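I opened this entry to find my way around a new structure.

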Amino acid sequence: MTSEVHTQVNAEELAQTFDESEHAPVDLSEYAFEDWLALALFWAMALAVFVQFFTRYVLNDSFAWTEEIATNLNVALVFIGSAMCVRMSRHIHVDFVYRYVPSRVGRILATVVDLARLAFFAYGAVLIWRFMSIVGDEQMTTVNLPKNLTYAFVFIGFLLMCFRSIQVAVANWRRGYSVLERPEAFDAPLVAET
């Protein structure tokens with residue numbers, strides 16, 4: 001097990017790191033489409049929750065639509081955010097077995113996991129597409145918007161997860177190992193693979 005090493009720094013050295021970071025170039029290239037969409041959904045949800053709080057506790061007359069909008073934005077955020085987790089291999093996984101099986105068996109198991117994940121996301125996309133055709137014209141309860149708007153974000157999330165799982169599987173096959181086989185190789189900074 002690796003222990004963390006903490007180096008003592010004085011106040012002047014600490015202040016210097018802040019000065020250096022001011023002039024460091026900002027690199028947004030590691031962020032993908034789903035990152036920006038999730039950020040927009042998050043702030044829209046935060047705004048809806050703020051309006052709900054303000055109207056309920058300040059004006060003492062709550063807008064009913066804010067709760068439904070915030071809930072639907074939360075659902076959308078979860079599925080779009082899941083695509084981010086797939087891209088960065090950050091979903092919960094169990095890698096305990098891989099420590100005790102031969103590397104060849106581990107490679108086969110990891111490939112099966114890649115294929116099963118891909119099949120699951122593809123099947124989820126098909127199911128939500130079918131569901132959207134069933135509820136077609138239904139409206140939300142408090143807002144005159146179609147329910148399919150929320151389900152469309154779920155569908156987009158499944159498509160993005162499917163697409164990102166293909167990218168992750170190809171990267172794993174090219175690299176020769178996955179996060180399941182060598183989790184320590186993925187513990188470095190959270191850098192997205194696009």
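I looked up L39 to begin with, and its relative accessibility is 39%, so L39 counts as partly exposed. The cut-offs explain the label, because partly exposed lies between under 20% for buried and over 50% for exposed. I noted that the model is a predicted one.

I then placed L39 in the fold. L39 sits in helix α2, which covers residues 33–58.

Which residues make a nonpolar surface patch with L39? I found V26, L28, Y31, W36, F42 and W43 beside L39 in the list. The patch has an area of about 760 Å².

Next I turned to the inside. The largest nonpolar core holds 24 residues. L41, I80, F121, F158 and M161 have the most contacts inside this core. Helices α2, α3, α4 (103–135) and α5 (148–175) each give two or more residues to this core. The largest share is eight residues, and α3 supplies it.

I checked L41 by itself. With neighbours within four places in sequence left aside, L41 is in contact with L73, A76, L77, I80 and F153.

Last, I picked N72, in helix α3 (residues 65–87). Is N72 buried or exposed? Its relative accessibility is 19%, so N72 counts as buried; the cut-off for buried is under 20%. Again leaving aside neighbours within four places in sequence, I found N72 in contact with M140 and T150.

How values were computed:
Residues are numbered from 1 along each chain as its sequence is written. This is a predicted model: local features need pLDDT of at least 70, side-chain atom pairs count only at pLDDT 80 or more; totals for chains, interfaces and linings use all residues. Side-chain values use heavy atoms; hydrogens and water are left out. Patches are made of residues with over 30% relative accessible area and no salt bridge: like charges are joined within 9 Å, nonpolar side chains (Val, Leu, Ile, Met, Phe, Trp, Tyr) within 5 Å. Accessible areas come from the Shrake-Rupley method with a 1.4 Å probe; for residues, only the protein chains shown count as cover. A salt bridge is a side-chain nitrogen of Lys or Arg within 4 Å of a carboxyl oxygen of Asp or Glu. Helices (H or I, at least four residues) and strands (E, at least two) are DSSP runs, numbered from the N terminus. Buried means under 20% relative accessible area, exposed over 50%, partly exposed in between (1.4 Å probe, protein chains only). Contact means heavy atoms within 4.5 Å. A nonpolar core is a set of buried Ala, Val, Leu, Ile, Met, Phe, Trp, Tyr and Cys residues joined through side-chain atoms within 4.5 Å.
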